[in-house]
Amino acid sequence: MFEIIKPGTKIDFMGKSKLFFIISGLLVLLSIVIIFTKGFNLGIDFAGGTVIQVRFDSPPKLDLLRENIKKLNLGDVVIQNFGDEREVLIRVEKTNQDLNAVANDIKKALSGSFKGNKFIVERVEQVGPQVGSELQKKATMAVIYALIGILIYVTVRFEFIFSLGAVLALFHDVIITLGAFSLASKEINLPIVAAVLTIVGYSLNDTIVVYDRIRERMRNSTAKINLIDLINQSINETLSRTLLTSFTTFLAVLALYLFGSEVIKNFSFALLVGIIVGTYSSIGIASALVYSIKNIKKA
């Protein structure tokens, strides 16, 4: 089997655990500050509003388009290319008006401004603020339920201390990923919730591989072995597999981000951040947390 880490490598990860905790603590704190000060760029799924997707025969002038839509007094207007320069996504704030009336007003505005440029309205969607608020709650609960399920699963498979380490590491991954989204002002919609749940599953898988090796060594060890050495050995033995899996997955997702359509760009961005943070936490944080929790319990 191809390995990028030579057998017998003895990197002292546990000796650097304090440094990992400091880095992670700063990143989590920074993410929370960014989230509370900058907030999220909530998509129509959560914030509510009306989205009209229009395809023109030739690229329209977005400034002219924006100017004409603003004249309709539909509240905040966001206009951006979607996919290619001929495709435009128009998002308007107003939601208390009939959907067809909003769509017709926009069609009239476009017809008047782009007479020589034929267009087709491909999609008209509306989400009310109440629905958006309910979706926010359901999305938050979906992540919380996933973490509770993981807590129970890891407890049954290993023991409660391991499950605490895994869930804290996953919480760390989710907060930093959301902080990156807030910092980059990336739109958060329902597919991003799916991406966050995917990150949780991906990061957990790497952590479980290390935990499995720790448990296996604990069972097979006849002599009393130092837990720090045991964790170091387990991380080193699984390091090649963890890095190779993460690197190949990262390349695949990077290709989606660079060459995929606008629909999956934000989804891919979340996965890219999640893979980096999840790999780091699986190696440097999850097992060190188990050791720290064990020590706190003994004290």
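Predicted model: local features only at pLDDT ≥ 70, side-chain atom pairs only at ≥ 80, totals over all residues.
Asn-236 is buried, with a relative accessible area of 10%, and this residue belongs to helix α8, which covers residues 227–259.

- A polar atom of the Asn-236 side chain lies 2.8 Å from the backbone oxygen of Asn-232.
- When neighbours within four places in sequence are set aside, the residues in contact with Asn-236 are Thr-9, Lys-10, Ile-11 and Phe-13.

**Helix α1 against helix α6**

- Helix α1, residues 17–38, packs against helix α6, residues 160–183, at an angle of about 45 degrees, and the two axes are 8 Å apart.
- The crossing in which α1 passes α6 is left-handed, and on the α1 side the contact is made by Ser-24, Leu-27, Val-28, Ser-31, Ile-32, Ile-34, Ile-35 and Lys-38, while α6 contributes His-172, Ile-175, Ile-176, Leu-178, Gly-179, Ser-182 and Leu-183.
- By residue class, the contact of α1 with α6 comprises nine nonpolar, five polar and one charged.
- Val-28, a residue of helix α1, is buried with a relative accessible area of 18%, and, not counting residues up to four places away in sequence, Val-28 touches His-172, Ile-175 and Ile-176.
- Val-28 and Asp-173 are 145 residues apart along the chain, and their C-alpha atoms are separated by 8.7 Å.

**Helix α6 against helix α7**

- Helix α6 also packs with helix α7, residues 190–220, at an angle of about 145 degrees and with axes 10 Å apart.
- Here α6 passes α7 in a right-handed crossing, and the α6 residues that make the contact are Phe-162, Gly-165, Ala-166, Leu-170, Asp-173, Val-174, Thr-177, Leu-178 and Phe-181, with Ile-192, Val-196, Ile-199, Val-200, Ser-203, Leu-204, Thr-207, Tyr-211 and Ile-214 taking part from α7.
- The residues of the contact of α6 with α7 fall into 13 nonpolar, four polar and one charged.

**Helix α3 against helix α4**

- The axes of helix α3, residues 62–70, and helix α4, residues 99–113, come within 10 Å and cross at roughly 135 degrees, which makes α3 oblique to α4.
- The crossing of α3 and α4 is right-handed, and the contact is formed by Leu-64, Leu-65, Asn-68 and Ile-69 of α3 together with Ile-106, Ala-109, Leu-110 and Ser-113 of α4.
- Of the residues in the contact of α3 with α4, six are nonpolar, two are polar and none is charged.

- Thr-50 is found in strand β2, residues 49–56, and is buried, with a relative accessible area of 0%.
- In sequence Thr-50 and Gly-149 are 99 residues apart, and in space they are 35 Å apart from C-alpha to C-alpha.
- Gln-53, which also lies in strand β2, counts as buried at 9% relative accessibility, and a polar contact of 2.7 Å joins the side chain of Gln-53 to that of Glu-87.
- Leaving aside neighbours within four places in sequence, Gln-53 is in contact with Phe-82, Glu-87, Val-88, Leu-89, Ile-120, Val-121, Glu-122 and Arg-123.
- Phe-119 is found in strand β5, residues 119–127, and, not counting residues up to four places away in sequence, touches Val-54, Arg-55, Phe-56, Lys-107, Leu-110 and Ser-111.
- The C-alpha atoms of Phe-119 and Ser-58 are separated by 8.7 Å, although the two residues are 61 residues apart along the chain.

- Ser-185 lies in the loop between α6 and β6, the latter spanning 187–188, and is partly exposed, with a relative accessible area of 39%.
- The phi angle of Ser-185 is near 55 degrees, a positive value in a residue other than glycine.
- For comparison, most residues other than glycine have a negative phi.

Notes: Residues numbered from 1 in each chain as written. Heavy atoms only, no water. Axes fitted to C-alpha atoms, helices over the stretch in contact; angles between N-to-C directions. Helix = DSSP H or I, 4+ residues; strand = E, 2+ residues; numbered from the N terminus. Left-handed = near helix turned anticlockwise from the far one by under 90°. Contact = heavy atoms within 4.5 Å. Nonpolar A, V, L, I, M, F, W, Y, C, P; charged D, E, K, R; others polar. Buried < 20%, exposed > 50% of the residue type's maximum accessible area, 1.4 Å probe, protein only. Polar contact = N/O pair within 3.5 Å; in protein donor to acceptor, adjacent residues only side chain to side chain. Parallel < 35°, antiparallel > 145°, perpendicular 65-115°, else oblique.
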